[in-house]
Amino acid sequence: MDKSYLLDRLRELGIYSTYYHRLELKPLASVLPYDEVLNCILTGYYDGQRRMIAITDSRILIIAGGALSQTSVIVIKRSAVQSYRFEKKLLLSKATITANDKTYVFAQTQGSMEKLFNWAMQQPIKELDE
């Protein structure tokens, strides 16, 4: 997928102005095929580093990257998700995803993303051909 296609999807989701400048979009565009639908993006601290979480119709991608750090991507199949929760607080909102018996907690995320996060996690899961 090219970055312009990804930016168009951010506009459709109403989150372009929040995320268009994120450095993680370049590696995200490189790992998303055109038949995978992006449903949500948010950022939060996981494992001591600010990361972008991208929720698609088949995967959850956790991307760490920036100007001074090496890019890394953690991939979780949506079908492996056992539970998820978004706790909205004024400045300390967090998203929690449990998959494959491992819990991923994303602290200091954007509280305004609660509705989109929950909507994205409730969307039907599409299995990708591997």
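Colleague: Is Lys-126 buried, partly exposed or exposed, and what is its relative accessible area?

Modeller: One compares the relative accessible area with two cut-offs: buried means under 20%, exposed means over 50%, and partly exposed lies in between. In this predicted model, Lys-126 has a relative accessible area of 31%, so it is partly exposed.

Colleague: Which side chain meets that of Lys-126 in a salt bridge?

Modeller: The side chain of Asp-57 does, with 3.7 Å from N to O. This pair links distant parts of the chain: Asp-57 is in the loop between β2 and β3, while Lys-126 is in the segment after α4 (114-122), 69 residues apart. Asp-57 has a relative accessibility of 10% and therefore counts as buried.

Colleague: How many salt bridges does a search of the whole structure find?

Modeller: The search finds 7 salt bridges. Among them is the one between Arg-59 and Glu-36, at 2.7 Å from N to O. Here too the pair links distant parts of the chain, with Arg-59 in strand β3 and Glu-36 in the loop between α3 (25-31) and β1, 23 residues apart. Arg-59 is buried at a relative accessible area of 16%, and Glu-36 is buried at 2%. Another salt bridge joins the side chains of Arg-85 and Glu-87, at 3.2 Å from N to O. Arg-85 is partly exposed at 46%, and Glu-87 is partly exposed at 22%.

Colleague: Which strands are joined to β2 by bridges, and how do they run?

Modeller: Strand β1 (residues 38-46) is joined to β2 by 8 bridges, and the two run antiparallel. Strand β3 (residues 59-64) is joined to β2 by 4 bridges, again in an antiparallel arrangement. To follow the pairing residue by residue, one looks for bridge partners: Leu-42 has Ile-53 in β2 as its partner, and Ile-55 has Ile-60 in β3.

Colleague: How many residues lie between β1 and β2 in their hairpin?

Modeller: There are 2 residues between them, and Asp-47 in this turn has a positive phi of about 55°. The hairpin that joins β2 to β3 passes through 2 residues.

Colleague: How many aromatic pairs does the structure hold?

Modeller: It holds 6 aromatic pairs. One of them is formed by Tyr-46 and Phe-106, a tilted pair with 5.4 Å centre to centre and 45° between the planes. Tyr-46 lies in strand β1 and Phe-106 in strand β7 (residues 102-109), so this pair ties together parts that are 60 residues apart in sequence. Tyr-46 is buried at 11% relative accessibility, and Phe-106 is buried at 1%. An edge-to-face pair is formed by Tyr-84 and Phe-117, with 6.0 Å centre to centre and 75° between the planes. Tyr-84 is in strand β5 (residues 81-87) and Phe-117 in helix α4, so the pair ties together parts 33 residues apart in sequence. Tyr-84 is partly exposed at 31%, whereas Phe-117 is buried at 1%.

Colleague: Which residues form one aromatic cluster?

Modeller: The cluster consists of Tyr-46, Tyr-104 and Phe-106.

Conventions:
Residues are numbered from 1 along each chain as its sequence is written. This is a predicted model: local features need pLDDT of at least 70, side-chain atom pairs count only at pLDDT 80 or more; totals for chains, interfaces and linings use all residues. Side-chain values use heavy atoms; hydrogens and water are left out. Two strands pair if DSSP finds at least two bridges between them. A salt bridge is a side-chain nitrogen of Lys or Arg within 4 Å of a carboxyl oxygen of Asp or Glu. Buried means under 20% relative accessible area, exposed over 50%, partly exposed in between (1.4 Å probe, protein chains only). Rings of Phe, Tyr and Trp (its six-membered ring) pair if their centres lie within 6.5 Å; planes under 30 degrees apart count as stacked, over 60 as edge-to-face and the rest as tilted.
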